Amino acid sequence: MNVIEMDGLRKEFTVRVRTGRLRREKRTVTAVDGVDLRVERGEMLGYIGPNGAGKSTTLKMLTGVLMPSAGRARVCGLRPVADRTRLALRIGVVFGQRSQLWWDLPLRDSFALLRHVYRVPSAEHAARLARCRSLLDLDEFLDTPVRQLSLGQRMRGELTAALLHGPEVLFLDEPTIGLDVVSKQAVRGFLAELGRAGEPPWCSPPTTWRTSSGSAAASW
Amino acid sequence: MGSVTATVAPPTDPNVTRWFRTFGAIAASGFRRHATYRQAAVAGVVTNTVFGFLRCYIFLAVAGAAGTVAGYDRAQLGTFVWAGQGLLAVIAIWGWTELADRIRTGEIAADLLRPVHPVTSYLATDLGRAGFASLARLLPPVVIGPFFFDVYLPRQWATLPLFGLSVLLAVVVCFACRYLVNATAYWLEDVRGPMILWTLGSGVLAGLYFPLGFLPGWWEAALRYATPFPSLLQVPLDVLVEREPMPTELSLVGLQAAWAVLLLALCRLVQRRAEHRLVVQGG
Amino acid sequence: MAEPGTRRAYRALLGAQARSQAAYRTSFAVDLVGNMGATVFDVMTVLVLFGVTRELGGFTLRETLVVVGLSSFAFATADLLVGNIERLPRYVRTGLFDAVLVRPLAALPQLLLMDLPLRKVSRAVFGLAVLVFALASAGIDWTPGRVALALVAPPAAVVFFAAVFVTTATVSFYWIDSGELANSVTYGGRDFTSYPVTVYGGWFRALFAYGMGFAFVSYHPALALLGRPDPLGLPAWVGWASPGVALVAAAVAALAWRVGIRHYRSTGS
C-alpha cells in the first residue's frame with residue numbers, strides 16, 4: 001500500500017527581481033517541477049539533490065506547511081494542507097536546521113510536553129522513549145536544557161521527539177547537516193536499526209523520507 | 001579627535017589623513033548598509049507619521065484656546081512634533097543591541113583584532129546610518145507635517161546650520177549612551193535591565209513624550225545640566241523652533257558638545273577596562 | 001477546542017513557557033519592573049500634560065483618567081495575552097512557524113502559548129489599579145447599568161486590542177519586512193485611546209475613532225459611565241456598543257489570520 005503519493009506535484013514562487021535602479025520585475029521560479037512518486041509502507045527513501053533543488057519544498061508540501069501550486073499529494077491517504085492537524089498525528093518531522101524542542105527546558109521536559117501535544121497514552125510513550133534512550137544514548141543529557149546541548153546531542157533529541165507518537169511516516173530534512181563524523185554515524189546507524197525493527201513498540205517500521213544535499217549523497 | 005587613534009600609530013600628519021579616510025570609508029559602508037533596508041524605512045515613516053498626528057493633536061489640545069504653552073505657540077508645537085518624529089530615527093534612540101549581541105556571542109573578538117578602535121569604528125558606522133536616516137526618515141515627516149498642521153519656519157539664517165550641528169551632536173551623544181548601555185554586556189550576563197532603563201528613561205527625559213518645558217521650570221534645567229537626555233531631542237528641536245534667543249541656543253549646543261566629548265571619553269574608558277578584563281580573565 | 005485532550009495539550013504548552021521563563025529568574029524580575037515602568041510613564045505623561053492645562057479636549061483630569069484607565073488596562077492585558085504575535089516575522093525566520101504547523105494543534109494558540117510574555121503581568125496589574133482608582137475617584141453616579149458597563153467594557157476593550165494585534169500581525173504574511181508598521185496601529189491605538197477623541201480632529205479622528213473603531217475602547221464607555229453627553233453628538237447608547245464592536249473586531253482578526261496563513265502556505269519562507 002502506498003503511504004506517500006504524488007502526481008505532478010509543482011511549486012512555484014514569485015520573486016521580485018531588481019532590474020534597474022528602481023524597476024522591479026516579478027518572476028516565477030519553479031522550485032518543484034512536476035514530481036510523480038509512490039512510496040510504500042516501510043520503505044526508506046533518500047531524496048537527493050544539490051542545494052536549491054527543491055527537496056525541502058517537496059517535504060514542506062508533504063507535511064502541510066506549504067500548499068502545492070499544482071498537482072496532487074496524499075500522505076497516509078490524507079491531503080497534507082487540508083487535513084494538516086490529523087496528518088500531524090501520523091507523521092514525524094525533523095527539520096535539520098530548525099528545532100522542535102523547547103530551548104530553555106531539559107530534553108526530558110520537551111518529551112513530556114510532546115506527549116500532551118500528540119495525546120499519546122503514557123505507557124506507549126514510555127516504551128518508545130526507553131527504546132530511543134538505549135539506541136541513541138540519551139541518558140547522559142536527558143536533564144540538560146536544550147540550549148546547552150551539542151549539535152549531535154540535539155539532533156538525537158530531535159529524532160526522538162519526532163518518533164515518540166509512533167508516526168507512520170518519518171520525514172527528515174537534512175538530519176546530519178553540520179554533524180561530525182561520529183554523530184553522523186550514530187544517526188545513520190539508528191535509522192538503519194529503525195528500518196529493521198518491525199517489533200513493538202514501533203509495531204511497523206515507519207516509512208522514512210530523508211532529504212540530503214549532493215555532497216552527502218555518496219555517504220547515504 | 002586625534003586621540004581616537006590610540007591603537008594605531010602616533011598621530012603624525014599623514015596618519016591623521018589616513019584616519020579620516022578610514023573613518024569616512026566605514027561611515028560610507030554604514031550608509032550603504034542601511035540604504036538596503038528601504039522597505040523598513042517606508043514602514044518606519046508610516047509609523048512616525050501616525051505618531052506625528054497623535055502627538056500634534058494632543059499638544060495642540062494642551063495649548064488649548066490660549067494657543068501657547070511653556071513658551072511654544074501652535075506652529076512651534078507643530079514643528080517640534082514633526083521634526084521630532086524624524087529625529088527619533090536619525091539618532092536611533094531605541095533598538096540597537098548589536099554591540100551587546102556581539103559581546104554575548106563572543107564575536108566582539110573579531111572587532112578587537114582590527115586596527116581601528118571599536119568605539120571609533122562603531123561611531124563611524126552609526127554616523128553613516130544617521131546620514132541615510134536624515135534623508136529617508138527625517139525629511140518625510142518634516143514634509144508631511146505642514147500639509148496638515150501649522151508649522152514654524154526658522155526666521156534667522158543661522159538657525160539651520162546650528163540645527164544641523166545640534167543634530168550631529170545629538171547623534172554622537174545618543175550613540176555614546178547606547179554604546180555604554182550595550183557595553184554592560186561585558187560584565188552582565190543579561191543586559192535587559194540596563195536596556196529597559198535606557199528605553200524608559202530616554203523617551204521621557206529626551207522630550208519625546210512631551211516637551212520638557214511642560215515640567216516645572218527647575219526640572220528642565222536640572223535635566224539639561226545633570227543628564228545627557230535633553231541633548232538627544234529637546235535641544236535640537238528647541239534650536240529649530242527658536243524657542244530661546246540665539247546666545248542661549250549657542251550655549252545649549254555647547255552643552256551638547258560637552259556631553260558628546262565626555263560620553264565618548266567614557267566609552268573609551270569603559271572599552272579599555274573591558275578589554276583588560278577580557279585579556280586577564282579570558283572573557 | 002473543547003476536546004479535553006486538546007485543552008490538556010495547550011495547558012502543557014503554557015506550563016512549559018512558565019518553566020522556561022523561570023529559568024532566568026533575575027531577568028524575569030527586571031522585566032516585571034521594566035514593563036510596569038512603561039505603563040507608569042504613559043500615565044505620568046497624562047499627569048504632566050494636566051500640569052500645564054486644566055482641560056484636555058473639554059475633559060478634566062478625573063474624567064480623562066477614566067479614559068486612561070480603560071485604555072491602559074485593556075492594552076496591557078491584550079499585550080500580555082496576544083501581544084507577542086507581533087514577533088510573527090521572527091517565528092517565520094527561525095522556523096518556529098513551520099515547527100508549529102507540523103504539530104496536531106491550531107497554529108495561532110500554539111504560538112501565543114509558546115511565547116506568552118508572563119513578565120507583562122505587572123503592566124496589566126498596574127493598568128487595572130489605574131482603572132479602579134479612576135472609577136472610584138471620578139464621582140460616578142453608580143446605577144445597575146453603569147456597574148454592568150464597568151464590568152463589561154474593560155474585557156471588551158481587551159478583546160478589541162487583541163484583535164488589533166492579530167490583524168496587524170498578519171500583514172507580515174504578505175510583507176515580511178513590514179517592521180514597525182504594525183506598531184502604528186497597535187501602540188498608536190493605545191496612545192489614541194488614552195485621550196478623549198475630542199482632542200483629535202478631521203479625517204484622522206474619523207479614521208482611528210470610527211473607521212478602525214478605537215472610540216469604542218475607552219471614550220464612549222467612559223462617557224456612558226460619567227453620564228456625559230457626547231460633545232460630538234452621538235447618542236448615549238453608543239457607550240454600550242463596545243462588546244459588539246469587540247466581537248466584530250475579533251471576527252475580522254480570525255478571518256485575517258485564516259487568509260494570511262493560507263497566503264503563507266502558497267508562498268512559503
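The model is predicted, so local features need pLDDT of at least 70 and side-chain atom pairs count only at pLDDT 80 or more, whereas totals for chains, interfaces and linings use all residues. Residues are numbered from 1 along each chain as its sequence is written, chains are lettered from A and ligands numbered from 1 in the order in which they are written, and side-chain values use heavy atoms, with hydrogens and water left out.

The elements giving two or more residues to the side of chain A that touches chain C are β1 (2-18), α1 (55-63), α2 (84-88), β5 (91-95) and α3 (107-117) of chain A. Helices (H or I, at least four residues) and strands (E, at least two) are DSSP runs, numbered from the N terminus. The largest share of this side, five residues, is supplied by α3(A). Contact (heavy atoms within 4.5 Å) involves 30 residues from chain A and 34 residues from chain C. The two chains bury about 2700 Å² between them, 58% of it on carbon and sulfur atoms; buried area is the accessible area (1.4 Å probe) that two parts lose on being put together, summed over both.

Two salt bridges are found across the interface of chain A and chain C, a salt bridge being a side-chain nitrogen of Lys or Arg within 4 Å of a carboxyl oxygen of Asp or Glu. One pairs the side chains of R19(C) and D109(A), at 2.8 Å from N to O.

Over all chains, the structure holds 40 salt bridges. In chain A, E168(A) and R41(A) form one, with the closest N and O atoms 3.6 Å apart. E168(A) lies in the loop between α5 (151-163) and β6 (169-173) and R41(A) in the loop between β2 (24-40) and β3 (44-49), so the pair ties together parts of chain A that are 127 residues apart in sequence. In chain C, R119(C) and D31(C) form a salt bridge with the closest N and O atoms 3.9 Å apart. Both residues are buried, that is, under 20% relative accessible area (1.4 Å probe, protein chains only). In chain B, a network of salt bridges links E220(B), R224(B), D238(B), R243(B) and E244(B).

Note on methods:
Buried means under 20% relative accessible area, exposed over 50%, partly exposed in between (1.4 Å probe, protein chains only).
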